[in-house]
Amino acid sequence: MFGKTISYAIQGIDATKIVVEADVKGGLFKFSIVGLPSNSVKESRDRVSSAIKNSGYNFKSYNYTVNLAPADIKKDGVALDLPTALALLKGTNQIKSEKLEDYAFIGELSLDGYLRPVKGVLSIAVAAWKDGMKGLILPEKNAQEAAVIDELNVFPVKTLGQAIAFLEGREEIAPMKVDKDLLFSRLNNSPVDLFDVKGQFHVKRALEVACAGGHNILMIGPPGSGKTMMARRISTILPDLTLEEALETTKIHSVAGYTSLRSGGLVLDRPFRSPHHTISDVALIGGGSYPKPGEVSLSHNGVLFLDELPEFKKSVLEVLRQPLEDEVVTISRASQSLEFPAKFMLVASMNPCPCGYYGSEIEGHSCSCSMMSIKRYRSRISGPLLDRIDIHVEVPSVKYEELSSLPTGEKSADIRIRVNKARQIQLDRFKGLEIFSNSQMNPKQIRKYCILDDDSKTLLKLAMEKKGLSARAYERILKVARTIADLDNSENIKTNHISEAVQYRNLDKKFWED
Ligand SMILES: Nc1ncnc2c1ncn2[C@@H]1O[C@H](COP(=O)(O)OP(=O)(O)O)[C@@H](O)[C@H]1O
Ligand SMILES: [Mg+2]
Ligand SMILES: [Zn+2]
């Protein structure tokens, strides 16, 4: 006898259809599963057979073979428990339903027949919808995440028994619905605010420009000047996540198993990731035998904050370059090659020298480093990496009088309004081009969207000559100037936009080549 069900397995961040076939013959007891990594087969068999028995069905002494096809796709076994159990029950004539193959099933079974949530559900829902499945039957806790795909009917179930009752028409289950507008209308109620940061107005402005245009930014300044404090407040001024971005980001977090059930598994805010400087290459970039996204991909559509940049391993800074360039990470395996999206805004901080006080104007703090050690320290950040950072900003120490006074700046919410407006201008400008912010413009797009009038041209030429800026710096200045003009709601880039953008390259010569 024979039973068949449909399920899905995650490949990278997308899901592939898996056909679960159960063949049941008489003879001595045997239960084999073909197509799973061998180390997980035993556990899978134990869960499935116990769940069947504990749900009030028979698991008699037959010869069972379960085939998970295609065989060459590496499967994370647990999500296939439910479809496996159902195929076996169909193969032993214990389910009276002809509808089994209309639906897709996922879910881990516990020994008592209850369903546990699995990873990567959003990707599975997308695939099931594209394949035209009549519905997706899954663990309750996964339902909200899957239900974001409106067009797909998502049926949450608690137990194996309930899934069967539904299939046999003995129990009705209402498809899960979510109100996406409601989900996304949550207020941003972060406990911190850029308002808390005293002084440092030019740094906050630089952060506003960076967030508006998605520009990578490096903050350089002595210890205690507030670099970490400001970076940790960036989330409060990031532009809203679009629905498309939210879905894409959720897929990544979901396959990594990091989505929180609080938001129904959805990532609704731009990620802010701040890995410690001891992080390994694989943890940053992704990989492993069952490839998982790394921090660069978990930061997709959000911020990757690398505090104290020179403290990171040289190899880590090296591997960072490829995703910064390509916005995607490619992980090659003998059998296949997978891609994880990695479009993030890099925010980095560093001291100007090993002791931290080079150039500091605060009394009692003078730099004790030799020129050699300063050079060596700065050279840890390679030219090609620096080249990818549009905005460099100096963060001076705050004076005591300033620290002891009341804060006087703007609230994050007000800055965020400007950031959102500027981002909307970019979304409209780049419609259909598959880029979303000024930072992503290629040279051709820069020529098209960053046209300068004669005054601006002259100004930029002068600045380039005076500061000895490279051709690459030239493109960065244009992109940043475009963002500054967008914040100013100005269609044309004007001289004041150029002069501000040039300031964000002030450190080019002085700092790196002294
Ligand atoms: N501009 C500032 N306004 C208010 N508090 C500040 C400011 N700069 C520093 N601080 C205080 O000093 C602490 C250390 O700042 P931090 O951000 O860790 O400095 P850095 O990362 O530059 O070494 C902060 O937690 C905050 O309490
Ligand atoms: Mg710090
Ligand atoms: Zn020093």
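Predicted model: local features only at pLDDT ≥ 70, side-chain atom pairs only at ≥ 80, totals over all residues.
Residues are numbered from 1 along each chain as its sequence is written, chains are lettered from A and ligands numbered from 1 in the order in which they are written. Local features need pLDDT of at least 70, side-chain atom pairs count only at pLDDT 80 or more, and totals for chains, interfaces and linings use all residues, while side-chain values use heavy atoms, without hydrogens or water.

Helix H19 covers residues 454-467 and helix H21 residues 495-503; helices (H or I, at least four residues) and strands (E, at least two) are DSSP runs numbered from the N terminus. Their axes come within 9 Å and cross at roughly 20°, the axes being lines fitted to C-alpha atoms, for helices over the stretch in contact, with angles from 0 to 180 degrees between N-to-C directions. The two helices are therefore roughly parallel, a label for angles under 35 degrees. Within H21, His497, Ile498, Glu500, Ala501 and Val502 are buried, that is, under 20% relative accessible area, with exposed over 50% and partly exposed in between (1.4 Å probe, protein chains only). These buried residues pack against H19, helix H7 (201-213) and helix H20 (471-487).

Turning to the metal site, Cys353, Cys355, Cys367 and Cys369 each coordinate the zinc ion (ligand 3) through SG, at 2.1 to 2.4 Å. Donors are N, O and S atoms within 2.8 Å of the metal (3.2 Å for Na, K and Ca), and sites may look incomplete as water is not among the atoms. The donor residues follow the spacing C-x1-C-x11-C-x1-C. Cysteine 353 and cysteine 367 both lie in the loop between strand E17 (345-350) and helix H14 (371-379), so the pair ties together parts that are 14 residues apart in sequence. Cysteine 353 is buried, at 0% relative accessible area, whereas cysteine 367 is partly exposed, at 26%.

Two strand residues complete the picture. Glutamine 11, in strand E1 (residues 2-11), counts as buried at 17% relative accessibility. Setting aside residues up to four places away in sequence, glutamine 11 touches Thr16, Ile73, Lys74, Gln336 and Leu338. Glutamate 108, in strand E6 (residues 108-109), also counts as buried, at 15%. Beyond its neighbours within four places in sequence, the contacts of glutamate 108 include Arg47, Asp81, Tyr114 and Arg116.

Methods:
Parallel < 35°, antiparallel > 145°, perpendicular 65-115°, else oblique. Contact = heavy atoms within 4.5 Å.
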